[in-house]
Amino acid sequence: MIDLVRVSVFGLGPVGLATAVCFAAKGYRVIGVDSDPQRVRQLKEGKLAFFEPGLKELLKQSVRSKTLQVTEDYHLNAESDFSFICVGTPSNPDGSANLNYVRSVASEIGMSLRPNKKRQVVVVKSTVIPGSARRLVKPILIRKSGRKYGKNLFLCSNPEFLREGNAIHDTRMPDRIVIGSDENSAIRMLENFYLDFHGESTRTIIKTTFENAEFIKYASNSFLATKISFINCIANIAQLTPGADVRTIATGIGLDQRIGPRFLNAGLGWGGSCFPKDLKALVSLSKSLGYDPKLIEASILTNLNQRQRAVEMCKEEMGTLMGKRLAVLGLSFKPDTDDLREAVSIPLIRKLIAEGGIVSVYDPVAMPNARRMLGGTVRYSPTAEACVKGTDCCILVTEWGEFVKLQPSFFVKRMKRPLMIDGRRIYDASKFRRAGVIIRGIGLGASS
Ligand code: UGA
């Protein structure tokens, strides 16, 4: 290992915390800075305000071993070799990225560096629009620190590609590392840091400009979201074609090495804290530059319409939803997280209620968050069993492992009428049909 490495991480949300604890577990001295006193207090006690597999254990371990110090005091950053900016960049009402948190953390980092002269490389991990490192972060750092850029102050862009629910794995084993800067020595320092951190498992490191690094993040998320919207579009056509099934179609196209099999699961659409805001921000950036990004806009629109498919299928099968008892399995925007940000489930449930449905819901971990968003409008079930009991229809919204395992008899025994709307295509339709379940699924044409 290179000499004792000191690192600060600013912003202890899902990305920052995963980054901080993984660095701490490696043995680096990590200072985790967050401006929210309640979050800092909880983290010091080893408590997490959100669900992320494996994170709590690593947090407790690193707090106990004192490799991670959680604090509100940004001045403690002064002694670090690297500081990572991991704060959120939410959407403004017009869709553009709100960089206020990045601005204020850059300012704190700059101020913390004023008293001493120790060299520091500042690393922007937050998703920021191309041009932000050079035109926003760098001038703030120089002004607030009073340092000479390129001497004892450096800046890199280093976008984060971790997925919620897989944060630890993705931090330790990223597919690639992207480093952008206007200083080759900064790129070298961060490259050496990552070579030490990842060791043998280091994959490709792309060294480039700030702007390319920033762009790679937006382009990645936009491509992935568009890949899903594409397969959902194919699914919607397949659904109108007797004998067709998007699952087989996806397998068939995914075997083409130019396409690849991942992110071709058709369903009720994408959500979460990243794709929706990043695609909107790219559209906003593009328009501000004078280019109309029709493809990205079409991805967003396809996605917004996709959740409607579940309501349409319910109505096709039951006529009206008025007074019908409907079970919703899965609420989080994807499995292994309790995150409900831009989750398909919430607008879908509101629509079901608006159509007169009586809705019961169940999710393995997102129930407390759901209560905050849905209040008294739905019945909260303690188990999947209780959720489907006596219902006229069950809509599978999030493909949690415990739902994937359910057999057709689970539904046949408990539901008033075993009607399944498989919003993520996790069930074997012919097996379900043979067992007496009426099953409809995204991209599943009528049986020929
Ligand atoms: C996404 C990217 O995958 C990460 O690389 C990126 O770092 C992150 O955003 C970010 O910008 O911070 P995440 O939002 O955690 O990660 O979740 P994904 O696993 O990408 O799933 C996003 C949505 O797409 C979910 O709603 C999921 O259900 C949906 N999805 C995914 C599909 O509908 N079909 C698929 O085949 C795959």
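Contact here means heavy atoms within 4.5 Å. Helices (H or I, at least four residues) and strands (E, at least two) are DSSP runs, numbered from the N terminus. The model is predicted, so local features need pLDDT of at least 70 and side-chain atom pairs count only at pLDDT 80 or more, while totals for chains, interfaces and linings use all residues. Residues are numbered from 1 along each chain as its sequence is written, and side-chain values use heavy atoms, with hydrogens and water left out.

**Exercise 1. Work out how α4 and α5 pack, and which residues meet.**

Step one: find the helices, α4 at residues 100-113 and α5 at residues 132-145. Axes are lines fitted to C-alpha atoms, for helices over the stretch in contact, and angles run from 0 to 180 degrees between N-to-C directions. For this pair the angle is about 30° and the axes are 7 Å apart.

Step two: classify the angle. Under 35 degrees counts as roughly parallel, over 145 as roughly antiparallel, 65 to 115 as roughly perpendicular and the rest as oblique. So α4 and α5 are roughly parallel to each other.

Step three: look at the residues. From α4 come V102, R103, A106, S107, I109, G110, M111 and L113, and they meet L136, V137, I140, L141, K144 and S145 of α5. Sorted by class, that contact has nine nonpolar, three polar and two charged residues. (Ala, Val, Leu, Ile, Met, Phe, Trp, Tyr, Cys and Pro count as nonpolar, Asp, Glu, Lys and Arg as charged, and the others, Gly among them, as polar.)

**Exercise 2. Now take α5 against α8: at what angle do they cross, and what touches what?**

Step one: helix α8 spans residues 210-239, and its axis comes within 8 Å of the α5 axis, crossing at roughly 110°. That makes α5 and α8 roughly perpendicular to each other.

Step two: S132, A133 and R134 of α5 make the contact with F210, E211 and E214 of α8. The class count is two nonpolar, one polar and three charged residues.

**Exercise 3. Is R147 buried or exposed, and what is it in contact with?**

Step two: check accessibility. Buried means under 20% relative accessible area, exposed over 50%, partly exposed in between (1.4 Å probe, protein chains only). At 7%, R147 is buried.

Step three: list its partners. Skipping neighbours within four places in sequence, R147 is in contact with L113, N116, K117, K118, R119, Q120, I142, N152 and L153. N116 is 31 residues from R147 in sequence, and 9.5 Å away from C-alpha to C-alpha.

**Exercise 4. Locate K66 and D336, and give the phi of each.**

Step one: recall that most residues other than glycine have a negative phi.

Step two: K66 has a positive phi near 60°. K66 sits in the loop between α3 (55-64) and β3 (68-71), and at 66% relative accessibility counts as exposed.

Step three: D336 also has a positive phi, near 65°. Its loop runs between β9 (325-329) and α13 (345-354), and at 36% D336 is partly exposed.
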